[in-house]
Amino acid sequence: MIAKDAKETKMEVPNKRANKSNDGVTFNKDVFTEEKSIVVTINRVTKVVKGGKRMSFNALVVLGNVNGSVGVGTGKSNEVQLAIMKGTEVAKKNMISFPLIETSIPHETIGHFGAGKVWMKPAVSGTGLIAGGGVRAVLEVAGVKNVLTKNLGTRNYFNSVYATMEALKDLKTRQEVLKLRGVE
């Protein structure tokens, strides 16, 4: 379940990669793809200084194109909206791509980050997105629709989101594995 204060926004940006079909035909590079953004959590941070207390906010933002690309960013500011904007900019810079097979992941994987540990397993079509917390937010904006997950470590949003990102970085297609092994 996503945090109670989670917000969802949509924006359109040009796709930087050319879309190629199996026969090598290249389509228009400036095709607009929809990017989806979710604010996973917002924390109020208080710093005690000489004159009293100074409050600021940090936001954890997940951004994806709903087609196998996702990024995570944190932003910190004295205002909530500025923190979200900074987090979105960082997420755009930290985008990663991973392979999707239909609407699921290619194989089982485990991601570690800090005390966070996330286990993911592909599921058949119709299963749905079985995930909770920050894991659901990352997979939702990435376009994964059928997967089983379990948050095995901490339930901290930051650690579970970054552990999910580590798991997605490890995904490889069958062809990539065969190429690494030298089998044709």
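**Starting from one residue**

Mentor: Let us take M120 in this predicted model; leaving aside its neighbours within four places in sequence, M120 is in contact with I105, H107, E108, T109, L139, V147, L148, T149, T164, A167 and L168.

Trainee: Which residues touch the most other members of the largest nonpolar core?

Mentor: That core has 28 residues, and V62, V70, M120, L139 and L168 are the ones that touch the most other members. At least two core residues come from each of β2 (32-49), β3 (52-64), β4 (69-77), β7 (116-122), α2 (133-142) and α3 (157-169). Another core lies apart from it and has six residues, including A59, V61, A83 and I84.

Trainee: OK, stepping back, how many helices and strands does the protein chain have?

Mentor: There are four helices and nine strands in the protein chain, and along the sequence they follow the pattern β-β-β-β-α-β-β-β-β-α-β-α-α. Of its 184 residues, 39% count as buried.

Trainee: You mentioned α3, so which of its residues are buried?

Mentor: The buried residues in α3 are F158, N159, S160, V161, A163, T164, M165, A167 and L168. At the start of α3, the backbone nitrogen of F158 has a side-chain oxygen of N156 within 2.8 Å. As for its length, the 13 residues of α3 should span 18 Å at 1.5 Å a residue, and this agrees with its end C-alpha atoms, which are 18 Å apart.

Trainee: Changing topic, how many salt bridges does a search of the whole structure find?

Mentor: The search finds three. In one of them K36 pairs with E140, with the closest N and O atoms 3.4 Å apart. Because K36 lies in strand β2 and E140 in helix α2, this pair ties together parts that are 104 residues apart in sequence.

Trainee: Is K36 buried or exposed?

Mentor: K36 is buried, with a relative accessible area of 14%, whereas E140 counts as partly exposed at 22% relative accessibility.

Trainee: And what does K169 form a salt bridge with?

Mentor: K169 forms a salt bridge with E166, and their closest N and O atoms are 3.3 Å apart. Both belong to helix α3, where being three residues apart separates them by about one helical turn. K169 is partly exposed, with a relative accessible area of 46%, and E166 also counts as partly exposed, at 28% relative accessibility.

Key:
Residues numbered from 1 in each chain as written. Predicted model: local features only at pLDDT ≥ 70, side-chain atom pairs only at ≥ 80, totals over all residues. Heavy atoms only, no water. Core = buried A, V, L, I, M, F, W, Y, C linked by side-chain atoms within 4.5 Å. Buried < 20%, exposed > 50% of the residue type's maximum accessible area, 1.4 Å probe, protein only. Contact = heavy atoms within 4.5 Å. Expected span 1.5 Å × (residues − 1). Polar contact = N/O pair within 3.5 Å; in protein donor to acceptor, adjacent residues only side chain to side chain. Salt bridge = Lys/Arg side-chain N within 4 Å of Asp/Glu carboxyl O.
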